[in-house]
Amino acid sequence: MEELKIELKNKLITALNLEGMTADDINDSDPLFGDGLGLDSIDALELIVMMDRDYGIKIIDPKDGKTIFLSIETMAAYIEEHRNK
Amino acid sequence: MKGKCYINGIGCVSPQKTHDGSFLEEVIDFRNASVYEVSKPDYQKYISPVSVRRMSSAVKNSIVASSMALDEAGVDDLDAIITGTGFGCIQDSEKFLKGLIDHDEDFLTPTPFIQSTHNTVAGQIALLRKCRAYNFTYVNGANSFPSALLDALLQITSMEANTILIGGVDEMAPHTRALFQTLGQFKKNDTEFDYLDNKTEGCTSSEGSAFFVLSNEHMEETYAEVVDVFFLNNLVSQDVKTFTIEFLTRNNLSPNEVDCVLLGKNGDLTFDVVYDDFSSLFPSSNQLVFKHLFGEMLTAPAIALWLSCKIFKTQSIPKSLALDVPRSSVNYILIYNQYRNSDHSLMLLKNV
C-alpha cells in the first residue's frame, strides 16, 4: 500500500504537470481538490483516464470520483480493491 | 473616414533577453546553434501557479508578452485580439498524437487535446482578460503575423476598432523539429556555419512571442505608426524589386527615403540570395538583420516589428543588428521577410 501511494503521487505530479513538487510535498490525507492540491475538473478527467490506463479501473459514474479522488489514501484503497492491472 | 494606426505598447519573449525591456545591450551568442531556446521570464509573475502548469511555452510566452504590451499602453478594454502563428501549439499537438500512438488510440487525456489548437493563445488571453470581443488567429505560414497586422490595420484605420491587441507566436517541438531537419529545411544539430557569411542550407529553429497594442490614438508612449502592410504567397508574375517598388509607390515613397531595411535573412544559402535583390534597391539605407540573434520562426516578422519599435523609441540601432554603420536618426523602416522564397511580406513603419 505504501509503495502504491508513492507511485500515485509521482504519477499525479507527472500527469498533472505539478511543477516544482515532489512526492514528499503531498500528504496521504491531503484533499486533492479544493483547498488541498487545488485540482479542477480537467484534472479529474486526467485521473479517470489514468485509473483506466494504468490500473484497468473504469469509473463509469463521475459522481463516484468525489469519494475515490478525495485523497491519495482513498485513491490507493480503491485501486487495491478494484485493480485489474 | 481613414484614421491612423499607432503602436502604443509592445512586449516580447524571445531567445534574447527582450522580456526585461532591454534592447540588446547584452547579446546572447547563438553561434553554430541550430536551435534557439527562449530566454525565459519569471512566468509566475504573470500567471498563477495553478494555470501555468497546463500551459505550453507558446501560451506562457504570449501571456507574458501580451501583458507587457497591455501594461505599457495602459489598456484594459480591447476591441479585438488577433494572433498569427505558423505552427500553433505544436507541443500539445505532439503530446496528443504521441498519446494516440502509445495507447493504441485509447486512453486519451483532455489537456493536450484542449490546448493543441492554433487559436489556444488568443483564446487563453481572452479568458484571462475576460475579453469577449473579436478573436481571430491567422495561420498562413510565414505570412501569419503580417495577416494579423493587416486585419488590425484595416479595422483601426477604418475606425471599426479603437484598440487591438495583436501578436505573433510560435513554439517548437522535438518531433516536428526532427522532421524539418530530415526535410533539410532546418539545419542539422552539428552544423557549423557563419550566419552572416553562410555556406550551408537550411535555417535555424527558434521560438518566441511578440505582442503589440495598436490604436488610432497617438499617445506619449507611441512607438511608431504602421503605415502599410503587404504580402504575397508566391511571386508568380513579378520579381522582388517590382513588388517592392509598387508597394513604395502606393505609399508615395522612394527607396532613398527609407532609412533602414530590416531583412529576414535566415542563414539558408539557397534562399538568402532573394534578399540581395531586395537590398540592391536601397543603396543609401541601413541594412539590418536580426535572425542571427533570434533564429528563424514563421512569425519572425513580429520580432522584426518589435525591434523596429525599439529603434524608433531609442533612435538608435544596436551594432549587432547593422550590416553597415548605423545611422543616428530613423524616420522610416521597411521590414522584408520571406521563407524559402514563399510568403513574401513588407511592413512599412514611420517614426511619430
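This report describes a helix pair in chain A and the strand pairing and overall dimensions of chain B in a predicted model.

**Chain A: helices α1 and α2**

In chain A, helix α1 covers residues 2–15 and helix α2 covers residues 41–55; their axes come within 11 Å and cross at roughly 130 degrees. Angles of 65 to 115 degrees count as roughly perpendicular and those over 145 as roughly antiparallel, and α1(A) and α2(A) are therefore oblique to each other. The crossing of the two helices, α1(A) and α2(A), is right-handed.

On the α1(A) side, the contact is made by Leu4(A), Glu7(A), Leu8(A), Lys11(A), Leu12(A) and Ala15(A); on the α2(A) side, by Glu46(A), Leu47(A), Met50(A), Asp54(A) and Tyr55(A). Seven of the residues in this contact between α1(A) and α2(A) are nonpolar and four are charged, with no polar ones.

**Chain B: strands and overall dimensions**

Chain B contains eleven helices and ten strands. Its radius of gyration is 19 Å, close to the 20 Å that the globule rule gives for 352 residues, so chain B is as compact as a globular protein of that length. Along the principal axes, the C-alpha atoms of chain B fill a box of roughly 60 × 50 × 40 Å.

Strand β6 of chain B takes part in both pairings tabulated here.

| Strand | Partner strand | Sense and bridges |
|---|---|---|
| β1(B), residues 6–13 | β6(B), residues 224–232 | antiparallel, two bridges |
| β6(B) | β10(B), residues 342–350 | antiparallel, seven bridges |

Between the strands, Tyr6(B) stands opposite Glu225(B) of β6(B), while Asp228(B) has Leu348(B) in β10(B) as its bridge partner.

Terms used:
Residues are numbered from 1 along each chain as its sequence is written. Chains are lettered from A and ligands numbered from 1 in the order in which they are written. This is a predicted model: local features need pLDDT of at least 70, side-chain atom pairs count only at pLDDT 80 or more; totals for chains, interfaces and linings use all residues. Side-chain values use heavy atoms; hydrogens and water are left out. Axes are lines fitted to C-alpha atoms, for helices over the stretch in contact, and angles run from 0 to 180 degrees between N-to-C directions. Helices (H or I, at least four residues) and strands (E, at least two) are DSSP runs, numbered from the N terminus. Angles under 35 degrees count as roughly parallel, over 145 as roughly antiparallel, 65 to 115 as roughly perpendicular and the rest as oblique. A crossing is left-handed if the near helix is turned anticlockwise from the far one by less than a right angle, and right-handed if clockwise. Contact means heavy atoms within 4.5 Å. Ala, Val, Leu, Ile, Met, Phe, Trp, Tyr, Cys and Pro count as nonpolar, Asp, Glu, Lys and Arg as charged, and the others, Gly among them, as polar. Two strands pair if DSSP finds at least two bridges between them. The radius of gyration is taken over C-alpha atoms; the globule rule is 2.2 Å times the number of residues to the power 0.38.
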